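Try each one before reading its solution.

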Amino acid sequence: MEKTAIVPDELESFYSDWKMSPGLACGDFLFLTGFTGADADGTLSTDPEKQMRNAFRKIGLVLEEAGLDYSALVEMTTYHVGLRDHLALFKSVRADYVREPYPAWTAIEVAGFVREGAVIEIKAVACRRPSSS
């Protein structure tokens with residue numbers, strides 16, 4: 001099966017430095033790498049909401065590069081440092097991005113990430129076929 005890397009300009013270092021695709025199109029699906037909430041310049045805010053929105057923004061960049069939008073999301077796994085401390089906030093932020101029918105979602109508490117200070121990482125899968133609805 002053919003696989004195609006989806007690499008928005010802003011996320012090119014993921015591909016060249018980390019040797020991973022921000023998105024990988026394969027068959028009917030687009031698999032997105034896990035994104036933390038650093039800004040485009042690499043700055044990581046101490047504000048959990050800003051980190052959450054930045055992670056969703058990166059997901060949006062990959063979806064857009066693939067000709068999709070947030071409605072294409074079918075599955076999402078979120079990893080949280082302090083899950084219970086900011087679950088209500090995350091649910092509120094997430095509601096600004098996901099569309100009905102809502103993607104499947106699993107939230108997992110973790111001890112930390114490669115990037116010190118990160119509180120969220122979001123991994124997702126999107127469907128590249130138009131819905132039948």
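**Exercise 1. The faces of a helix**

Which residues in helix 2 are buried?

*Solution.* Keep in mind that this is a predicted model. Begin with the helix itself: helix 2 covers residues 48–65, 18 residues in total, and reaches 26 Å from its first C-alpha to its last, close to the 26 Å expected at 1.5 Å a residue. Next, apply the cut-off for buried, which is under 20% relative accessible area. The buried residues of helix 2 are Gln51, Met52, Asn54, Ala55, Phe56, Lys58, Ile59, Gly60, Val62 and Leu63. Finally, look at what lies over them: the cover includes strand 1 (3–6), strand 2 (23–26), strand 3 (29–35), strand 4 (73–80), helix 3 (83–95) and strand 6.

**Exercise 2. The ends of the helix**

Find what caps the N-terminal end of helix 2, then inspect the residue Gly67 just after the helix.

*Solution.* At the N-terminal end, the cap is Asp47, with a side-chain oxygen 3.2 Å from the backbone nitrogen of Glu49. Just after helix 2, Gly67 has a positive phi of about 80°.

**Exercise 3. A buried lysine**

Which side chain of opposite charge is nearest to Lys58, and how far away is it?

*Solution.* Lys58 sits in helix 2. The nearest side chain of opposite charge is Glu10, at 6.3 Å. A salt bridge needs the nitrogen and the carboxyl oxygen within 4 Å, and Lys58, though buried, has no salt bridge. Now list its neighbours: leaving out residues up to four places away in sequence, Lys58 touches Leu11, Phe35, Thr36, Gly37 and Ala38.

**Exercise 4. Tracing salt bridges**

How many salt bridges are there? Work out which parts of the chain the pairs tie together, starting with Arg129 and Asp28.

*Solution.* The count is five salt bridges. In one of them, Arg129 pairs with Asp28, the closest N and O atoms being 3.5 Å apart. Arg129 lies in the segment after strand 6 and Asp28 in the loop between strand 2 and strand 3, so this pair ties together parts that are 101 residues apart in sequence. Arg129 is exposed at 54% relative accessibility, while Asp28 is partly exposed at 34%.

Next, take Lys50 and Asp39, whose closest N and O atoms are 3.6 Å apart. Lys50 belongs to helix 2 and Asp39 to the loop between strand 3 and helix 2, so the parts they tie together are eleven residues apart in sequence. Asp39 is buried at 18%, whereas Lys50 is partly exposed at 37%.

Last, Asp96 and Arg53 meet at 2.7 Å, N to O. Since Asp96 is in the loop between helix 3 and strand 5 and Arg53 is in helix 2, the pair ties together parts that are 43 residues apart in sequence. Glu49 joins in as well: Glu49, Arg53 and Asp96 are linked in a network of salt bridges.

**Exercise 5. Pairing the strands**

How do strand 3 and strand 6 run, and how many bridges join them?

*Solution.* Strand 3 and strand 6 run antiparallel and are joined by five bridges.

**Exercise 6. Backbone exceptions**

Where is the peptide bond between Glu100 and Pro101 placed, and what is its omega?

*Solution.* Most residues other than glycine have a negative phi, and most peptide bonds are trans. The bond joining Glu100 and Pro101 is cis, with omega about -10°. Pro101 is in the loop between helix 3 and strand 5. For phi, turn to Lys19, where the value is positive, near 60°. Lys19 lies in the loop between helix 1 (12–16) and strand 2 and is exposed, with a relative accessible area of 67%.

How values were computed:
Residues are numbered from 1 along each chain as its sequence is written. This is a predicted model: local features need pLDDT of at least 70, side-chain atom pairs count only at pLDDT 80 or more; totals for chains, interfaces and linings use all residues. Side-chain values use heavy atoms; hydrogens and water are left out. Helices (H or I, at least four residues) and strands (E, at least two) are DSSP runs, numbered from the N terminus. The expected span of a helix is 1.5 Å times one less than its number of residues. Buried means under 20% relative accessible area, exposed over 50%, partly exposed in between (1.4 Å probe, protein chains only). Contact means heavy atoms within 4.5 Å. A polar contact is a pair of N or O atoms within 3.5 Å; within protein, one must be able to donate a hydrogen and the other to accept it, and residues adjacent in sequence count only if both atoms are side-chain atoms. Lys and Arg count as positive and Asp and Glu as negative; His and the chain ends are not counted. Two strands pair if DSSP finds at least two bridges between them.
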